[in-house]
Amino acid sequence: MSRGQEPAGGPVRRSPRFLAAEILSRVESGASYANILLQHNLGALSEPRERSLATVLVNGCLKHRLTLDYALRLHLRKPMSSLPVRVRQILRLGAFQLLYLDKIPGAVAVNESVELAKTSEPKFTALLNGVLRRVMETGWDLPWPEAAREPVRYLSVRHSHPDWLVRRWWKRWGFTETEELLRLDNEPAPLWIRANVLRTDREGLRERLLLEGVAAEPGERVPESLRVSGLGALAELAAFREGLFTVQDESSQMVAHVLRPQSGDAVLDACSAPGGKTTHLAEFMHNTGSISAFDRHEGKLRLVEELAGRLGISIIHTYPGDARELSGVEDESQDGVLVDAPCSGLGILRRKADLRWRKEEKDIEALPQLQLAILERAAAKVRPGGTLVYSTCTVEPEENFEVVKAFRSAHAEFVPADLAERLPFSLSDPRDRRQAEKGMLQLLPQRHGTDGFFLAQFTRREV
């Protein structure tokens, strides 16, 4: 199956565990991303509870893969890597249910795993049965590395993050704060939505969702944000089809408030897909003015166009092209410019379960050069007196503070503005206030309860 596509003839109706094993096998082979495969194949399951179980199994096995493998290896005579891909996935699925899902009886988890193996790897049913039964007997009574002597290895194995990433964070924040971040990465991500202020307000949307059986609580940081539960399938909600809201994390909703475009402005979004921030900017502008939205991939721009259409937005004009070029946009012509730069994504690991296993430390080393090139090209489009905003969804200083430092050292015409004056909430931590005074803010899951997100704001000096 090619990336993002369904099997020929559409999804085959299978059990949640079969579908989870199929998706996990494809993810490990590099065929696609977990969220894309779930999106395209959950329709094969007819019941909402089955779709929910498949999602929990896929995301849980991916997030906790290192811990699951650690528990399984205690009972294997050969390395996990020597087993067929499907067998590894079935072992992880069984161990995840035994260790993390209290509502599934242990015997059921073992028996369902054995039955699953019979359909694809019958030669390994005895091995699966024996290993999983020993996992069930052992439970969490595991010989963990000693935290005091091997803090990085302990944190890596206990909280299922790559050793290189744990080491980076441990050096930066120490043991306690790093462990809290790792723990949060493994929790289910909260679901945030943004009220479309062109058609409703937050309270009106909340009341409407309650009528449709969806619980929603107002966010504390952004006036358009709602945290929702029991959302189910988006497309089945009339409020969604009517364009009353879109899904967007609360931290990324801050971007429009910081850029703060006015009605009638000319705005450039250099890296716009899939369009959450772009459409928020348009709502800020009361759908008057113009937004030029760029992305390298035409297919991703269609997502921007579809979202704008559903929300009733007409001022977004999409352009396929490299953000290091931004062809067709005159220099010093834009009132506001947003660079939501491509990044490592290490601030959103709880949202993208397989991302931690796809990244390597060398990826971080290569990104700042690209990010700075995009920022510099986009900055040339800002008019005197205009605003430039740089954002990422990572917590790595090389991609954030260091990029901003390099940009400012080469572009004295851009001065930082006090970010606190534009944020829609108050900063209580003195560390945050000091950052904001310099035009920057790093949000951290373990300190702020948000995604890991970075913001920087500049104003171009008047001539």
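How many residues does helix α3 have, and how far does α3 reach from its first C-alpha to its last? Select residues 48–63: helix α3 has 16 residues and reaches 22 Å between those two atoms, close to the 22 Å expected at 1.5 Å a residue. The expected span of a helix is 1.5 Å times one less than its number of residues. Helices (H or I, at least four residues) and strands (E, at least two) are DSSP runs, numbered from the N terminus.

This is a predicted model, in which local features need pLDDT of at least 70 and side-chain atom pairs count only at pLDDT 80 or more, while totals for chains, interfaces and linings use all residues. Residues are numbered from 1 along each chain as its sequence is written, and side-chain values use heavy atoms, with hydrogens and water left out.

**The whole chain**

The chain has 19 helices and twelve strands. With 463 residues, a compact globule would have a radius of gyration near 23 Å, and the 24 Å of the chain agrees with this. That radius is taken over C-alpha atoms, and the globule rule is 2.2 Å times the number of residues to the power 0.38.

Colour next by accessibility. Of the 463 residues, 54% count as buried; buried means under 20% relative accessible area, exposed over 50%, and partly exposed in between (1.4 Å probe, protein chains only). The accessible surface comes to about 20,400 Å², of which 48% belongs to carbon and sulfur atoms. These areas come from the Shrake-Rupley method with a 1.4 Å probe; for residues, only the protein chains shown count as cover.

Contact means heavy atoms within 4.5 Å.

**Helices α3 and α5**

Return to α3 and select A54, L57, V58, G60, C61, L62 and K63, which are buried. The elements that cover the buried residues of α3 include α1 (16–28), α2 (34–41), α4 (65–73), α5 (85–100), α9 (163–185) and α15 (355–358).

From that list, select α5. Helix α5 has 16 residues and reaches 22 Å from its first C-alpha to its last, close to the 22 Å expected at 1.5 Å a residue. Because 14 of the 16 residues of α5 are buried, this helix is largely enclosed by the rest of the structure.

**Backbone features in loops**

Which bond joins A273 and P274? A cis peptide bond joins them, with omega about 5 degrees. P274 is in the loop between β5 (266–269) and α13 (276–284).

Move to R260, in the loop between α12 (250–259) and β5. R260 is not a glycine, although its phi is positive, about 50 degrees. R260 is partly exposed, with a relative accessible area of 34%.

Select E332 next, in the loop between β7 (316–320) and β8 (334–340). Phi of E332 is near 55 degrees, a positive value in a residue other than glycine. The relative accessible area of E332 is 41%, and E332 is partly exposed.

**The last stop: A238**

Show its neighbours: not counting residues up to four places away in sequence, A238 touches R208 and E212. A238 and R208 are 30 residues apart in sequence, and their C-alpha atoms are 9.4 Å apart in space.
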